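Welcome, and thanks for taking a look at this one. Here is a short briefing to read alongside the sequence and the model.

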Amino acid sequence: MLNQTPEYQSCIQSSEKVSWRIDELLPKDTVLDFSHRFLSDALTGTEAIPFLSTEERLLLNQIRSNSYAHLFLFLEEYAVALAAQRAGLELHGNPTHMRALLRFTEEELKHQQLFARFTGAFAKGFKVAPALLDNQVEVARAIMAKSNLGVLIFNLHMELMTQQHYQETVRSNKDESLDPLFCNLLKHHWLEEAQHTRLDFLEAQKILAESPGSLDAALAEYTELLQALRGTLNAQLALDLQTLEKAVGRTFTPEERQQLHESQERSYVWGFIGMGMKAPLFLSRLRALSPVAEQRVLELAPTYYCA
Ligand SMILES: [Fe+2]
Ligand SMILES: [Fe+2]
């Protein structure tokens, strides 16, 4: 029998070391600086849209960045449910495992509140009210209807994707023109997500040790969850384009609208699906669970890279 307790203990220690408070990162009265792009173009794909002016590209970048923050708030709704459920399973079981999973739960709730504070500050300062999805509870319930193993694999993807976002578009990029406050949010989000990825892996190992036959179905569920995620991204994209039209104060032609939709869909799919699937740590953790799992993701990846 696998003794994972030292690993759970180490997750608690790392979590205590990097823990931050919302008020330190984003004080309540924060006024955002709308002269900056918030997210790198690698995650918004706004710079290459030929018929938008420089000012309009900046507005689209900011709309996408606000939606990015909102989508984390939105998706962490299921992550809270997952972590709380896994923690509950350790009640009267292993207290170290339970503590690590409760911290995981608490941190996801904190991230939701951080992103909600950001979108609140954004709404206050932006020129129009941004339209955002509001069915996170329904989506979280649909996600949690899958097996815990399927959702853990999906969550591992999401969390290692946030690492890719921070490492590739902030840390290695060193683009001085990006908003420092938003870059700092990405950094601190990832600092806590790093422990979550270890816990997802440990919990997945725990399930597989008890029921080795559950992997196949879980991988099929992961594929379904990616499809559902794509639907959610598309729904937010439709709202982003509505917000953009209001913000720029003109109606796009059908051709422009189509071009905007295609380029932004590519950007969303790459940022949230492609970047997760190709994350080296995602692939190596899957391989450690089973080479079949890594193989399955590698086979599936081209569908999304080319989309
Ligand atoms: Fe999070
Ligand atoms: Fe997380």
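Let's begin with Arg86, which touches Leu101, Asn148, Glu203, Lys206 and Ile207, not counting residues up to four places away in sequence; contact here means heavy atoms within 4.5 Å. This is a predicted model, in which local features need pLDDT of at least 70, side-chain atom pairs count only at pLDDT 80 or more, and totals for chains, interfaces and linings use all residues. Residues are numbered from 1 along each chain as its sequence is written, chains are lettered from A and ligands numbered from 1 in the order in which they are written, and side-chain values use heavy atoms, with hydrogens and water left out.

- Arg86 sits in helix H4 (residues 54-88); helices (H or I, at least four residues) and strands (E, at least two) are DSSP runs, numbered from the N terminus.
- With 9% relative accessibility, Arg86 counts as buried, a term that means under 20% relative accessible area, while exposed means over 50% and partly exposed lies in between (1.4 Å probe, protein chains only).
- Cys11 belongs to helix H1 (residues 5-18) and is buried, its relative accessible area being 1%.
- Leaving aside neighbours within four places in sequence, Cys11 is in contact with Gln195, Arg198, Leu199 and Leu202.
- From C-alpha to C-alpha, Cys11 and Arg99 are 9.8 Å apart in space, although 88 residues separate them in sequence.

**The iron ion (ligand 1)**

- Glu76 (OE), Glu108 (OE), His111 (ND1), His189 (NE2) and Glu193 (OE) coordinate the iron ion (ligand 1) at 1.8 to 2.5 Å; donors are N, O and S atoms within 2.8 Å of the metal (3.2 Å for Na, K and Ca), and water is not among the atoms, so sites may look incomplete.
- The sequence spacing of these donor residues reads E-x31-E-x2-H-x77-H-x3-E.
- His189 and Glu193 are 4 residues apart in helix H8 (residues 180-210), so about one helical turn separates them.
- Both His189 and Glu193 are buried.

- Glu193 and His196 are separated by about one helical turn because they are 3 residues apart in helix H8.
- His196 is buried, and so is Glu193.

**The link between the ions**

- Which residue bridges the iron ion (ligand 1) and the iron ion (ligand 2)? Glu108 does, and the ions lie 3.6 Å apart.
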